[in-house]
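Student: I have a model open on my screen and would like to learn how to read it. Could you walk me through it, one feature at a time?

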Amino acid sequence: MRAAPGSPATFSLDGQDVEFQAGETLIEAATRAGRYIPHLCWHPDFHPHGSCRLCTVKVNGRAGAACTMQAAAGQEVQSDTAELNAQRKTLLQMLFVEGNHFCPSCEKSGNCLLQATAYQMGMEGPHFEQFYPNRPVDASHPDLLLDFNRCILCELCVRASRDVDGKSVFAIGGHGIHTHLLVNSDSGRLGDADMALGDRAASICPVGVILPKRRGFAIPIGQRRFDQAPVSQQTQGDGDSP
Amino acid sequence: MTTPAPLPPLQAPRKLKLATVSLAGCFGCHMSFLDIDERLFELIEHIEFDRSPLTDIKQVGVCDIGLIEGGLCNAENVLVLREFRAHCKTLVAVGACAITGGLPAQRNHMDIGAILTDVYCTRQGLSASCRIPDDPELPLPLNQVHPIHEVVHVDYFLPGCPPSANAFWTFLNDLMAGRTPHLGHGLMHYD
Ligand code: SF4
Ligand code: SF4
Ligand code: FES
């Protein structure tokens, strides 16, 4: 359907019109309009990835990822429904048991998109059995630390390192549940890769995998990003790690 | 027609029975519960404590609510948890440890035998005769720490490490009023 000349094209999101520009995805247009669609692997500065499935919405009755689907005039999009939010909670519970998300000792707590999204979806407990993976920490880099047990495979670090830093320090390897984050160096250790603290990839991780050394717990409780307002009220775009 | 005044109840409503326990916990969830401060006096109008670290009752009786702090790290934890499940109508996993295993589950990628040897035998400052305690009186540790929902059915989860006093208060009031507990922004946290 073509919009009348001069009038902006719109789709409806949970019953309210959202304007969009040609070529925009549903989540881009919604975010620009200050509307929240849950997401983990999408970041406004990067190409979509489509791995977390948190952004799944119903478009004219059919499920699709809001981060990969282009907006078109007249689409009826449902996002904030009991059914979709229940599915999102299940996806979050899967991500939580798949890793070791011991938030009480995680330096990212309060600034973590996974945690904030779980709060938003009312995830009280993990529901599934814990996997308790055992992936050793990589502390070989002088300024950065990697705790692979918290990785949600969003590939943001891969995209940032390749597309912004021009270094391709990170990659995703393996299959199935053994899929994991890799460091592209001969030894496989971050200390031997061409990585610097100022790289975009060093601050892009939405969870607590890529952490700066000697700077943990710097923000007082109460002032951390998601202490101040729930994630649904922070749709200006995803900031990098503080 | 005039509506007759409602009859006064013959007796006050029965107080709810509440049992609490700490398994592989740090007692921090109990301390946070006590942080409701003087609201405890209000609470005690509606509930009666059964077995709890705060009472002297040794065996858990039939209860309306059981609050479980801590995960499962040894055989005795599992027995006590099963007793609580058998006696409590509503069982609540309280705090990160009961819900996910918590920070104690960070031992899960280590061998339990090696940990015990490190702590009881080879650590510096131990006398030469030190060995791993082996009296049958002592409960054997489990190979790994587990959250309680992996062993018994859990009705509700009250997250936090520990949950704040306000989270306890909101949660218990919802439960006592027969509502599904709901923690909003600020009360819902995992850390
Ligand atoms: S990465 Fe986020 S969800 Fe995982 S332990 Fe850290 S704060 Fe919690
Ligand atoms: S390390 Fe962080 S940014 Fe990279 S894939 Fe894992 S979760 Fe995503
Ligand atoms: S944000 Fe769309 S799949 Fe992750």
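Student: What radius of gyration does chain B have, and what would a compact globule of 191 residues have?

Tutor: Keep in mind that this is a predicted model. Chain B has a radius of gyration of 20 Å, while a compact globule of 191 residues would come out near 16 Å.

Student: Which helices and strands make up chain B, and in what pattern?

Tutor: Chain B holds six helices and seven strands. Following the sequence, they run β-α-α-β-β-β-α-β-α-α-β-β-α.

Student: How much of chain B is buried, and what does its surface consist of?

Tutor: Of the 191 residues in chain B, 43% are buried. Chain B exposes about 10700 Å², and carbon and sulfur atoms supply 59% of that area.

Student: Now the inside. How do I find empty space?

Tutor: Rolling a probe the size of a water molecule over the atoms shows where empty space is left. Here the count is five cavities of 30 Å³ or more. The largest cavity has about 190 Å³ of space.

Student: Which residues line the largest cavity?

Tutor: There are 17 of them, and those nearest the centre are F96(A), H101(A), I99(B), T100(B) and Y190(B). Helix α4 (residues 95-100) of chain B gives the largest share of this lining, three residues. By class, the lining has ten nonpolar, six polar and one charged residues.

Student: And what about the second largest cavity?

Tutor: Its volume is about 90 Å³. It is lined by 13 residues, with H101(A), C103(A), C106(A), C112(A) and R150(A) closest to its centre. Seven of the lining residues are nonpolar, four polar and two charged.

Student: Where is F27(B), and is it buried or partly exposed?

Tutor: F27(B) is in the loop between β1 (16-22) and α1 (28-34) of chain B. Its phi is positive, about 70 degrees, although F27(B) is not a glycine. With 41% relative accessibility, F27(B) is partly exposed.

Notes: Residues are numbered from 1 along each chain as its sequence is written. Chains are lettered from A and ligands numbered from 1 in the order in which they are written. This is a predicted model: local features need pLDDT of at least 70, side-chain atom pairs count only at pLDDT 80 or more; totals for chains, interfaces and linings use all residues. Side-chain values use heavy atoms; hydrogens and water are left out. On a 1 Å grid over the protein atoms alone, a cavity is a set of points where a 1.4 Å probe fits but cannot get out, and a pocket is an open set with protein on both sides within 12 Å along at least five of seven lines; lining residues have an atom within 4 Å of a point. Grid points are joined across faces, edges and corners, and a volume is the space filled by probe spheres set on the points. Helices (H or I, at least four residues) and strands (E, at least two) are DSSP runs, numbered from the N terminus. Ala, Val, Leu, Ile, Met, Phe, Trp, Tyr, Cys and Pro count as nonpolar, Asp, Glu, Lys and Arg as charged, and the others, Gly among them, as polar. The radius of gyration is taken over C-alpha atoms; the globule rule is 2.2 Å times the number of residues to the power 0.38. Buried means under 20% relative accessible area, exposed over 50%, partly exposed in between (1.4 Å probe, protein chains only). Accessible areas come from the Shrake-Rupley method with a 1.4 Å probe; for residues, only the protein chains shown count as cover.
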